[in-house]
Structure formats: structure tokens, C-alpha cells
Amino acid sequence: MTTENVRTDIAVKDDEPSADSPSSSSTSSSDVVVLQMTSTQPIAEVGNRVEYSVINPKTRAPAMLIDVNAIIKTSRAILETYYLPNEDSISHLNPLQRMVHSLQKIRSKQNWNPEFFVHVKFHEMFSWWEVQMRDTATWLMHSDEFRKLPTHERIAIFKIVWAVWRRFERYTMTATIFGHRCYDEKILLHSHEAAAKFGNYQVDYSNVSDHGFERFNNVFGGKMIQYYEIIVKPFLDLKLSETEITFILCQIVWNYAGRRLQGQTQAAGERFLEEISNNLHSYYEENSGDHQFGGIESSGNGTVAEKNDKGNYASRLAKMMQIVNQMLNIQLKREDTMDIAMLFDMFNIVFTEPEFFKV
């Protein structure tokens, strides 16, 4: 079902002419998708989210309309302001340190003893995503280069990176809390309060699809489990610090946004990534004797120690960038999978702004 250009302000009665009948409006069906509302509206309203029952104009089957604008109201407000509540307290921090500070503040809300679930309805996950959208918007606004962009460009970036940001942040947060259990038992934190083990929970898609969980798992499950190899394993092997996690997250977000949007977004990303690369170099210099980074704390020959430190850091940085490249590659494959899912109407669902959920 086509999800662009959806009209949510009108309902079509069964006895009215169809959109493609001779007596219908002259507006092309490719310009507007007219949705037939069912008798009960809305079927749910949780916080700012509004869900509507509709009839799919293509298949004539029941479907769900999600008003994304209601979900992202808070996030949009964050993106449309230049004001940061704690700007004075972070003014002395360099660009990378600012992003670390923001991530730490977001993660301070995480429950380190989350509740494990085995069953969840698809629409219930939207409350988790709503929080993660808000967290993504807040984190992005800590970048001066991002804040300097026009509002429409900031929103365009946010639309396509929030889900990528969420995946990397959630898998690394899970590994931080559960350590090797995360990798061995395939645990994932889905929110600040809820976690699940891959293969030991089910999502109820009955409200939005005729396909069962197993079908969705066959299509998307393989992509999800790859993240344990791409993110969790190197995180544990390298014992990544929060600064390094943030550096990788910045690289993923800005490289992905630059590839998709190009133009001023790509230019801003290049400037920002150059800045944080210099910041990371300074960070390594300040922590050159830390065993966590493979540095040599003491040596009879300072020159040898310095060379070893630089060699270890170069190798470490190469492995970190490998994570970035693998994340970008799997994201492209995920987009192809989502396009196929939309093409074959796997979801009986319509989003007012589908870009948010195509990634």
C-alpha cells in the first residue's frame, strides 16, 4: 500500500462513488490516497499517539492508520529550537565531549534490572519508539553543526537516522549492562524498562498484518541477529569506552545522513566528523597509559611505549570504523527488505510520514 500523500481528514462512505469512478473528483489517485474509515475511531490513543482503523483502498482489507505527527510532536519541538537547557554547563566541552555528555544523560534513565517480556503487541512498541525518537532529537541537538542547519534539514536528518541511532545505542547499552550474557543469550533492551531474549519472545502483529510472527521473523530476524556480531562482539572484545561508543554513533549517523541527503547535510557532517576525529585523538593522548586501550603503562623506553600506543590506537580505530561500515552496509540491506515488505503489503498499516519507519 502506498503510504505517501495520505489524506486523514476525510472518510469515504460505502455508498459513495469510488475514487476511480467517472463521477469521482478529478484529483489523480496518485496524488491523494483516500482512506475509508471504519465505524470506531480512534481504536487507541496512548499519550500523543493516535491510531485509526481504516480500509486499505488497494486490498479492501482492514488496516491501521498511524498519525506519526502526533507521535513526534515532542521531538519536533526539540528540533525546532536552538535552546539547550544545560548549554552553560557544557560550553567548555569539545564537540565529542558534548555528544558523550548527552548520551550519558539519556542513559541515566536506564533501568539496570529491566523486566523481561515474552509477548508484546506491535502497537505497544510505539511508546518505546516515541521515547527513543525524543532521545535521538535531544542528542542530535548537542551538535553545533546540526543546530546550524535549517529546521527542515534537521527534521529530514532526524527522520532517517532515529532508527539507526536506536539500534546501535540499544545494543551497546545492553552489552554494557549484561556483558557477555548479552552475546551468549542474545539479550536486547527494547526500552529503558523492558528487555527480551532473541528467540524467546513474540510480537503480536495481528492488528497490522495477516502474516504471523514467524513470517516476520523470517524476513527481519536475520538482520536483527547480525547486530550481535557487528556491534556486541567487537564492543566486548574492545571494551569500548563511552567516548568511543559516541564516536562510532556519530560516524554512523552523519555518514548515513550524508549519503541519503547529500548537499548541506553532507558538508555539515564532514566538518563535524573532522572535529570529533581530532577530539578522539586528544582523548587517546590523555589516556595513553590506560590498559583499556592497549596502552603500555610503564616502559624503560618512552619512545617504544609511544610507538606501541600509537600502533594500538590505529588498530583500535580501524576496528571501530569497521563497525561503522558494517552498520551502514546492513542498513542498506534493511532498506531493501522494508521496500519489499511495503511492496507486498506485509503490513496492513499506513503512516502519515512513512520515512520514519522505512529505516
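Helices (H or I, at least four residues) and strands (E, at least two) are DSSP runs, numbered from the N terminus. The structure described here is a predicted model, in which local features need pLDDT of at least 70, side-chain atom pairs count only at pLDDT 80 or more, and totals for chains, interfaces and linings use all residues. Residues are numbered from 1 along each chain as its sequence is written, and side-chain values use heavy atoms, with hydrogens and water left out.

K239 is found in the loop between α9 (213-238) and α10 (242-261). The phi angle of K239 is near 55°, a positive value in a residue other than glycine. K239 counts as exposed because its relative accessibility is 60%; buried means under 20% relative accessible area, exposed over 50%, and partly exposed in between (1.4 Å probe, protein chains only). Phi is likewise positive, near 55°, at K186, another residue other than glycine. K186 is placed in the loop between α8 (180-185) and β9. With a relative accessible area of 19%, K186 is buried.

Confidence was considered through pLDDT, the predictor's confidence in each residue, from 0 to 100. The mean pLDDT of the protein is 77, and 65% of its residues reach 70 or more. Over residues 1-47 pLDDT stays under 50, and the model has 72 contacts beyond four places in sequence for this stretch, a contact being heavy atoms within 4.5 Å. Residues 294-308 also have pLDDT under 50 throughout, with 13 contacts beyond four places in sequence. Where pLDDT is low, the predicted coordinates should not be read in detail.

The largest nonpolar core has 87 residues, and W139, F168 and W254 have the most contacts inside it. Helix α7 (residues 151-178) gives the most to this core, with 15 residues. A nonpolar core is here a set of buried Ala, Val, Leu, Ile, Met, Phe, Trp, Tyr and Cys residues joined through side-chain atoms within 4.5 Å. In soluble globular proteins, nonpolar side chains tend to be buried together. Beyond its neighbours within four places in sequence, W254 is in contact with S143, F146, L149, I157, T265, A268, G269, F272 and L273.

E145 is located in helix α6 (residues 144-148) and counts as buried, at 10% relative accessibility. Neighbours within four places in sequence aside, the contacts of E145 are A268, R271, F272 and E275.

An open sheet of three strands has the order β7-β10-β9, with mixed pairing. Its edge strands, β7 (115-116) and β9 (187-189), each pair on one side only. Two strands pair if DSSP finds at least two bridges between them. Three bridges join β9 and strand β10 (residues 194-197) in the antiparallel sense, and L189 stands opposite A195 in β10. Helix α7 lies across β7 and β9, running at about 115° to β9; axes are lines fitted to C-alpha atoms, for helices over the stretch in contact, and angles run from 0 to 180 degrees between N-to-C directions.

Strand β5 (residues 49-55) includes I55, which counts as buried at 13% relative accessibility. I55 and L65 are 10 residues apart in sequence and 9.3 Å apart in space, C-alpha to C-alpha.

A search of the whole structure finds zero disulfides, a disulfide being a pair of cysteine sulfur atoms within 2.5 Å. C182 is buried, with a relative accessible area of 0%, and C250 counts as buried at 0% relative accessibility.
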